[in-house]
Amino acid sequence: MLALIAGRGELPRAVAEAQDARPLVCALTGHAPVGLTPDITFRLERLGGLMATLKRRSVDRVCLCGGVDRPHISPLAFDLRTLAMLPEMRRALARGDDGALRGVIALFEARGFTVVAAHDAAPELLPAAGVPTRTHPDTSAGADARIGDAVIEDMGRADLGQACVVAEGAVIAREDDSGTDAMLRGLPGHARGGVLYKAPKPGQDRRADLPTIGPETAAGAVRAGLRGIVIEAGGVIVLDRPEVIRRLDAAGLWLWVRGEAV
């Protein structure tokens, strides 16, 4: 049986809807997914108790999906099972975001669970390489994408963000903890005509925190006056793909699902 360890946003619902049987939905307190009612709400300080509950309910696979903030840890809230995991949790939370996710994955795996990536549980969330929009990338899109490659590599070393905006050969904005949609809302006027580039951080564990775009991302790119979006094929989830394409087509923007870096 599959359990979703669900965070905020629409990704958990998309993964749940792709399953033949409804998965068990578990949500971290304060991180309710959109359009999906959790079966279990838990605190990180009671993760060990959650794992025991999952075992009792015959769960053998878990999928970590959706946005999660680093929670405030209360020493008084730990249950006995989670206290036994405390050294491992401390090591995980002391790392950057990617390191913390790797640590959480290791906690589940050490207790006999198979951790399933969202895009493995719902393969249709990853579009094939190509250009699904009516408008195609212009001749300078390749150069902009190569700048994006370098920026994401640099951001990956700092474990900060998975997106940037490139305009006229310059990096106009980099994603931070507030996310891609917030970055687009805050773009300066000279970002018009730029490109949104999004890809996983080099070397990140793709079973959690794979970058995602959706209709709001498309709307933000349109509002900002960008000319297109570049995402890595096999590395970026697209939620409600028909609506994303509809919004981009209506505004004359392109979406390039980029295969090998060129």
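This is a predicted model: local features need pLDDT of at least 70, side-chain atom pairs count only at pLDDT 80 or more; totals for chains, interfaces and linings use all residues.
Residues are numbered from 1 along each chain as its sequence is written. Local features need pLDDT of at least 70, side-chain atom pairs count only at pLDDT 80 or more, totals for chains, interfaces and linings use all residues, and side-chain values use heavy atoms, with hydrogens and water left out.

Five strands make an open sheet, ordered 7-6-8-10-12, with mixed pairing. Strand 7 (170-174) and strand 12 (254-258) are the edges; each pairs on one side only. On average, neighbouring strands of this sheet are turned by 25° against each other, direction ignored. Here axes are lines fitted to C-alpha atoms, for helices over the stretch in contact, and angles run from 0 to 180 degrees between N-to-C directions. Strands (E, at least two residues) and helices (H or I, at least four) are DSSP runs, numbered from the N terminus. Two strands pair if DSSP finds at least two bridges between them.

Strand 8 (residues 195-198) and strand 10 (residues 228-232) are parallel partners, joined over four bridges. K198 has I231 as its bridge partner in strand 10.

**Salt bridges**

Side chains of opposite charge can pair when their charged atoms come close. The rule used is a side-chain nitrogen of Lys or Arg within 4 Å of a carboxyl oxygen of Asp or Glu. It gives 15 salt bridges.

| Pair | N to O distance |
|---|---|
| R227 and D144 | 2.5 Å |
| K198 and E175 | 3.8 Å |
| R206 and E232 | 3.0 Å |

Buried means under 20% relative accessible area, exposed over 50%, partly exposed in between (1.4 Å probe, protein chains only).

K198 belongs to strand 8 and E175 to the loop between strand 7 and helix 8 (180-185), so this pair links parts 23 residues apart in sequence. K198 is buried at a relative accessible area of 5%. E175 is buried too, at 10%.

R206 lies in the loop between strand 8 and strand 9 (212-213), while E232 lies in strand 10, so the pair ties together parts 26 residues apart in sequence. R206 is partly exposed, with a relative accessible area of 33%. E232 is partly exposed as well, at 25%. Elsewhere, salt bridges with shared partners join E216, E243, R246 and R247 into one network.
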